Amino acid sequence: MAVTRCTLATVRGRLIAAVNAAPAATWATTISSSNDNRRNDTELDNIILAADARICQARAKKVGDGYRSLFLSLSASIAHGGTIPDHLGPIEQVTIKHVTSDPDYKAGKFDASVSLADIERWRANTGTRYGANHNAANSVLSGFYIRRGSQLFYTGFDAKCLLATFTRSAACQAPETDEDMLLGLALGDALKEGDTGPFLATIVADARAEYVELLKQSEPDPSETIVLAA
Amino acid sequence: MSYTAETLANDAYERLRAAGADVPPSIIPRLVTLVPSALRLLPIKVRERFGDSEAELYRKNYTVALTSGQGSLAAHTDLTSEPMIPSEIVKVTHPDVVSSTNAGGKLRQLGSSSALDLTRSQEFAYFAVEDNTLFTMSGNDRTALGSNATVRAAFPPLIANVKFSHEPLLPEIMLELSQGLIAKAA
């Protein structure tokens, strides 16, 4: 089921209501010489989208977060020894296509006892000592991987990584359930002198506390727990 | 359905897991490398467990050319398919030693080639295997035999040719061979 995201217009409306920041009808052409609470729409949108980005990145980085899937996608093919593309947080899963004719990519097998030398030796399969080659059908060699920093080494025909990424756009991408947190974070950025009433300060503090909680990493890297062979 | 190297390795892995061994999946490729050794041990295990008559299923005749009473076994022990297992030679025959009391032309086995230097009863012919070479003696002459001797010996079967009734032995042998791997993996 598609997750409903925060709506920029709704958050902007609530933000304007909270700080009384509605731009006057003539604001675009007539700049007030006195201090007031008004901001133009672009400024408000930028504040909201910046806060949205903070929430999205926090969720995207957090393994096990229920909404991380909103930001996950398969990378392009990564060659053996190739570099894993930029991403947020831990890799969700390394997936490997064992044979060129396979219709799908299967979860890679991470095994702490496998070394890079093992991977290279299995790929070479000198003397066919391991039976079928690593990228041939029914090979026992297929599907293992090891990472060295951002480099991926594996056995099998091709690999892709399930990665979390986030690209800002003109729309909010945080799930709708985060609307209050989004408003609170935006409010913190939107406050001007004289806006810091106890009520607003509470909203901002609550939102920041919620955001800090979101940043806490609570689960291990899922792709590198041992996956049993099929 | 007969085993393949891959299915045998998987079977051995499953047995290890079922037995509670904490072995990672990467042991499976390593188990595959043990398959040739398991196949080489199979005829020996069959002989030990079921006796000579059943072990005959994994024996065949190899023709060894003799020159001055001796011939190399290398051509047979170096075969990539069904090579001779010299330690499992069970019979050597030669047409020149056929007699009324030795209709099959069998030679009697001695422990080493030096044992052929001793004077022995001429009623029999003798052989010994040393340095991957077949040494013979007939009529107390170590150079008497030429032509071809027939050597019957065990061979490691191709995995697809293992008899159905002997297939359960293969995972057993694999587990025996894998003890070193398990100890390392644990």
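Start with helices α3(B) and α6(B): their crossing is right-handed. Bear in mind that this is a predicted model.

**Stop 1: the helix pair.** Select residues 35–50 of chain B for α3, then residues 169–177 of chain B for α6. Two packed helices are described by the angle between their axes and the distance between the axes. Here the axes come within 9 Å and cross at roughly 115 degrees.

Now show the side chains at this contact. On α3(B), pick B:S37, B:A38, B:L41, B:L42, B:K45 and B:V46. On α6(B), pick B:L169, B:L170, B:I173, B:M174 and B:L177. Colour this set by class. Nine residues are nonpolar, one is polar and one is charged.

**Stop 2: the domains of chain B.** Zoom out. Colour residues 5–52 and 158–185 as domain 1 of chain B, and 54–154 as domain 2 of chain B. The C-alpha centres of these two domains lie 32 Å apart.

Go to the place where the domains touch. Domain 1 of chain B supplies eleven residues to the contact, and domain 2 of chain B supplies ten. Which helix gives the most to the domain 1 side? Return to α3(B): this helix gives the most there, with seven residues. By class, the domain 1 side has six nonpolar residues, one polar and four charged.

**Stop 3: between the chains.** Bring chain A into view. On chain A, 16 residues are in contact with eleven residues of chain B. Colour the chain A side by class too. The side of chain A that touches chain B has nine nonpolar residues, three polar and four charged.

Technical notes: Residues are numbered from 1 along each chain as its sequence is written. Chains are lettered from A and ligands numbered from 1 in the order in which they are written. This is a predicted model: local features need pLDDT of at least 70, side-chain atom pairs count only at pLDDT 80 or more; totals for chains, interfaces and linings use all residues. Axes are lines fitted to C-alpha atoms, for helices over the stretch in contact, and angles run from 0 to 180 degrees between N-to-C directions. Helices (H or I, at least four residues) and strands (E, at least two) are DSSP runs, numbered from the N terminus. A crossing is left-handed if the near helix is turned anticlockwise from the far one by less than a right angle, and right-handed if clockwise. Two residues are in contact if their C-beta atoms, placed from the backbone, lie within 7 Å. Ala, Val, Leu, Ile, Met, Phe, Trp, Tyr, Cys and Pro count as nonpolar, Asp, Glu, Lys and Arg as charged, and the others, Gly among them, as polar. Domain bounds come from an automatic or database domain assignment.
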